[in-house]
Amino acid sequence: MTLAISQTNINFAYLVASVCLIIGIKRLSSPATARSGNVIAAVGMGIAIAFTFLDPDIDTYWIILAGMAVGTVIGIASARMVKMTAIPQMVALFNGVGGGAAALIAAAEFHRLTPESGHVLPEWMGAMLFSAMIGSISFSGSLVAFAKLQELLPGSPIVFRGQQLVNGLLFAGLLGAGVAAGATEAGIWAVVLLLGALLFGVLLVLPIGGADMPVVISLLNAFTGLAAASAGFVLENTALIIGGTLVGASGTLLTVLMGRAMNRSLANVLFGAFGAPAPAAAGGPAASADGKSYREVTAEDAAVMLAYASRVVVVPGYGLAVAQAQHNVRELADLLEQRGVDVKYAIHPVAGRMPGHMNVLLAEANVPYPQLYDMEDVNPEFPRTDVALIIGANDVTNPAARDDPESPLYGMPILNVDQSANVVVLKRSMSPGFAGIDNDLFYRPNTTMLFGDAKSSVEKLVAAVKAA
């Protein structure tokens, strides 16, 4: 007894699955519909998997079922065990696995088709080699991104002399190996292409600093989508083609938008080594090298400012994620609202280490979505704000990006927190952020610094507000 049905029916099911994926992605654009969007997309993926089993070309099911079982266990364990603060590295890792899977599919098809036919159609050969190269780059590059985010590697750029020349020559060699593999259909050239692409992915991401990780993750996600779509052409799988194209297009668009949010070109992100280590003050707080001074504040004094304010804007950054202070911030906001304070959250597009990082963390703490404001919407609010509370954010609040043409950050859209009546910055020390640039905000007359771990500092603010 066979489970196979006509290819026409399978393709129709793939079309339905693709529509579900599109609707799901659309509904993910709003937290109000994100949960249902996730379910709809999962249903679409379930349809695609189910009808793949009915493909007449499949004659071995146990390998597929074994792979699904392993993947299901890993997926459920990851979803339940990984902390929300570790979501960026998990996204990077899962994205890399997708790229690696596409590369393995391409390699397997190359191995299967070249001995059988002796002459593979040019469009199939091109798709296989493209998928193998891009998928391998995505796999190894995502592993490096994971290692940086997990602090297994330094988060700052890792550079060496002549790095860009080496990368350029290596990429040219990849193109040459691809041409040779296509022309000769020799497996040795395909192996060279795969290994070279893996090395290129590592060298591509090593010189990229932690502050640029949102852009890198988006770009590698686009690479994975393109690799999957190319593998779909080789397998003549409609669902894979459409799904991969959606991922590739959305990842590319998000990469462009993230670059604009930092006023940085993609070339500058990839090759600029932005965020190289800069000399920082040793130990605790200290005045800057040029003699600028700052004002330090106690938790009790900062709590008084917050408790008797009319409007407070909270600006979360990566420091909040590292300290896992999101629940404490929500508790502080609840206390202030009970006192009649209007509390908003200002979200910069590249705050954190992945797109939407701050939104995810605050959602975990059940912060009401209407209180989250994008940069364009909240900037007009700062001149009417009594206190801007900066928690672990740095470069995205630096006024030099707006006022100093000589600054490397100049032109990057920022949150105009300095226009508030008072600014309270929660930070461990006066050291610069990932960009390695001193923040002019810290020395403004309306800015005070509350030093310490973000979670500990917020806990002190909560206790002080209760006592106020």
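Leaving aside neighbours within four places in sequence, M125 is in contact (heavy atoms within 4.5 Å) with F110, T114, V120, A181, G182 and E185. The model is predicted: local features need pLDDT of at least 70, side-chain atom pairs count only at pLDDT 80 or more, and totals for chains, interfaces and linings use all residues. Residues are numbered from 1 along each chain as its sequence is written, and side-chain values use heavy atoms, with hydrogens and water left out.

M125 is found in helix 5. Helices are DSSP runs (H or I) of at least four residues, strands are runs (E) of at least two, and both are numbered from the N terminus. M125 is buried, at a relative accessible area of 5%. Buried means under 20% relative accessible area, exposed means over 50%, and partly exposed lies in between (1.4 Å probe, protein chains only). M125 and T238 are separated by 113 residues in sequence and by 18 Å in space, C-alpha to C-alpha.

Helix 6 spans residues 163-184. The two helices pack at an angle of about 145°, and their axes are 10 Å apart. Axes are lines fitted to C-alpha atoms, for helices over the stretch in contact; angles run from 0 to 180 degrees between N-to-C directions. The crossing of helix 5 and helix 6 is right-handed. A crossing is right-handed if the near helix is turned clockwise from the far one by less than a right angle, and left-handed if anticlockwise. Helix 5 contributes M125, L129 and M133 to the contact, and helix 6 contributes L174, G178, A181 and G182. By class, five of these residues are nonpolar, two are polar and none is charged. Ala, Val, Leu, Ile, Met, Phe, Trp, Tyr, Cys and Pro count as nonpolar; Asp, Glu, Lys and Arg count as charged; the others, Gly among them, count as polar.

Helix 1 (residues 7-27) packs against helix 2 and helix 9. The axes of helix 1 and helix 2 (residues 31-52) come within 7 Å and cross at roughly 165°. Helix 1 is therefore roughly antiparallel to helix 2. Angles over 145 degrees count as roughly antiparallel, under 35 as roughly parallel, 65 to 115 as roughly perpendicular and the rest as oblique. The crossing of helix 1 and helix 2 is left-handed. On helix 1, the contact residues include Y14, L21 and R27. On helix 2, they include G37, G44 and F51. The residues of this contact divide into 15 nonpolar, seven polar and one charged.

The axes of helix 1 and helix 9 (residues 238-261) come within 8 Å and cross at roughly 20°. Helix 1 is therefore roughly parallel to helix 9. This crossing is right-handed. N11, Y14, S18, L21, I22 and I25 of helix 1 meet T238, A239, I242 and L246 of helix 9. Seven residues of the contact are nonpolar, three are polar and none is charged.

The largest nonpolar core has 71 residues. A nonpolar core is a set of buried Ala, Val, Leu, Ile, Met, Phe, Trp, Tyr and Cys residues joined through side-chain atoms within 4.5 Å. V315, F382, I390, L415 and V417 have the most contacts inside the largest core. Helix 5 (residues 122-149) gives the most to this core, with ten residues. F382 touches V313, V315, A346, A388, L415, N416, V417, Q419 and S420, not counting residues up to four places away in sequence. Another core, of 40 residues, lies apart from the largest one; A302, L306, L361 and V424 are among its members.

Most residues other than glycine have a negative phi. Q324 lies in the loop between helix 12 (318-323) and helix 13 (326-338). Q324 is partly exposed, at 32% relative accessibility. N366 is found in the loop between helix 14 (357-364) and strand 3 (372-374). N366 is exposed, with a relative accessible area of 57%.

Two further positions were examined. G209 is in the loop between helix 7 (187-205) and helix 8 (213-235). G209 counts as buried, at 2% relative accessibility. G209 and I158 are 51 residues apart in sequence and 8.1 Å apart in space, C-alpha to C-alpha. A101 lies in helix 4 (residues 87-117) and counts as partly exposed, at 37% relative accessibility.
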